[in-house]
Amino acid sequence: MGQVRQPRRVQEYDGDLGAAVARAQEGDEAAFAAAYRIVQPNLLGYLRGIVGDDAEDVASDAWLEIARDIGRFKGDGAGFRGWTATIARHRALDHLRRRRVRPQAAGTELDVLDLAGPHSTPDQALESISTERALELVRGLPRDQAEAVLLRVVVGLDGPAAARVLGKRPGAVRTATHRGLKRLARQLGIGGDAEEGVTDGASRALGEST
């Protein structure tokens, strides 16, 4: 059964992230900088999937809001990733409304797609993509699939957290992730029967409770 695994960096850094956020809430600027360094690469990858070349500007706006409101945040490292993704998405949609264009998947960087699990069809698909190919394939996904894949795989959120960011039900996010990864695998010529069950496997591998 195909599975999508959280990026190793997400799993390794969530404990450090939670500790850094707690210190940052007490006014430790160095701790806030540490939290930024952990979150920013994946958050920027997600934003590139929504606003393309404007991702860094949108991320800057998001971090201003994050810094202002961090005292209100309650949760652990994983929760902080979800909270920051929600803020970033709101800023991205505001940016797109100002430009009066619809959100479009614009691809992401290969170093963000740092996945484990060589025996998983979706993992094989993403690990096989060169930087240019990643840009092309993710750009070609429907918007709902692109955002779901970016949140689940790039940002490393579990199903319920991704659903909260998107304002959708977890089942809808599972389905979109399944379809997006299956499409990527098919385009790369990877899979076959192993593609079946990607949705449930992805949910379990990313830590979603059902």
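Which residues of the largest nonpolar core touch the most other members? They are Tyr46, Phe80, Leu151 and Leu157, out of 42 residues in that core. A nonpolar core here is a set of buried Ala, Val, Leu, Ile, Met, Phe, Trp, Tyr and Cys residues joined through side-chain atoms within 4.5 Å. Buried means under 20% relative accessible area, exposed means over 50%, and partly exposed lies in between, with a 1.4 Å probe and protein chains only.

The model is predicted: local features need pLDDT of at least 70, side-chain atom pairs count only at pLDDT 80 or more, and totals for chains, interfaces and linings use all residues. Residues are numbered from 1 along each chain as its sequence is written, and side-chain values use heavy atoms, with hydrogens and water left out.

**Overall fold**

The protein chain has 10 helices and zero strands. Helices (H or I, at least four residues) and strands (E, at least two) are DSSP runs, numbered from the N terminus. Buried residues make up 50% of the 210 residues. The accessible surface comes to about 10,000 Å², and carbon and sulfur atoms hold 45% of it. These areas come from the Shrake-Rupley method with a 1.4 Å probe; for residues, only the protein chains shown count as cover. Contact means heavy atoms within 4.5 Å. Among contacts with a separation of 6 or more, 75% join residues 24 or more positions apart.

In soluble globular proteins, nonpolar side chains tend to be buried together. Leu151 is in contact with Tyr46, Ala85, Gly156, Leu157, Ala162, Val165 and Leu166, leaving aside neighbours within four places in sequence. Another core lies apart from the largest one. This other core has seven residues, among them Leu141, Ala146, Val153 and Leu184.

**Helix H4**

H4 has 23 residues. From first C-alpha to last, H4 reaches 33 Å, close to the 33 Å expected at 1.5 Å a residue. The expected span is 1.5 Å times one less than the number of residues. At the start of H4, a side-chain oxygen of Asp76 reaches to within 3.3 Å of the backbone nitrogen of Ala78. After H4 comes Arg100, whose phi is positive, near 55 degrees.

Two residues of H4 deserve a look. Thr84 is found in this helix. A polar atom of the Thr84 side chain lies 2.9 Å from the backbone oxygen of Arg81. A polar contact is a pair of N or O atoms within 3.5 Å; within protein, one must be able to donate a hydrogen and the other to accept it, and residues adjacent in sequence count only if both atoms are side-chain atoms. Thr84 also touches Val39, Leu43 and Ile66, not counting residues up to four places away in sequence.

Ala92 is in helix H4 too. Leaving aside neighbours within four places in sequence, Ala92 is in contact with Leu47, Ile50, Val51 and Val58. Ala92 and Ala62 are 30 residues apart along the chain, and their C-alpha atoms are separated by 8.6 Å.

Gly49 is in helix H2 (residues 29-51). Gly49 and Glu147 are 98 residues apart in sequence and 7.1 Å apart in space, C-alpha to C-alpha.

The table gives relative accessible areas.

| Residue | Relative accessible area | Class |
|---|---|---|
| Gly49 | 4% | buried |
| Phe73 | 7% | buried |
| Trp83 | 21% | partly exposed |
| Thr84 | 0% | buried |
| Ala92 | 0% | buried |

**Aromatic pairs**

Rings of Phe, Tyr and Trp (its six-membered ring) pair if their centres lie within 6.5 Å; planes under 30 degrees apart count as stacked, over 60 as edge-to-face and the rest as tilted. By this rule there are five aromatic pairs. Phe73 and Phe80 form an edge-to-face pair, at 5.3 Å centre to centre and 80 degrees between the planes. Both of these residues, Phe73 and Phe80, are buried. Phe73 and Trp83 form a tilted pair, at 5.4 Å centre to centre and 40 degrees between the planes. Phe73 lies in the loop between helix H3 (55-69) and helix H4 (77-99) and Trp83 in helix H4, so the pair ties together parts that are 10 residues apart in sequence. Elsewhere, ring pairs link Phe32, Tyr36 and Trp63 into a cluster.
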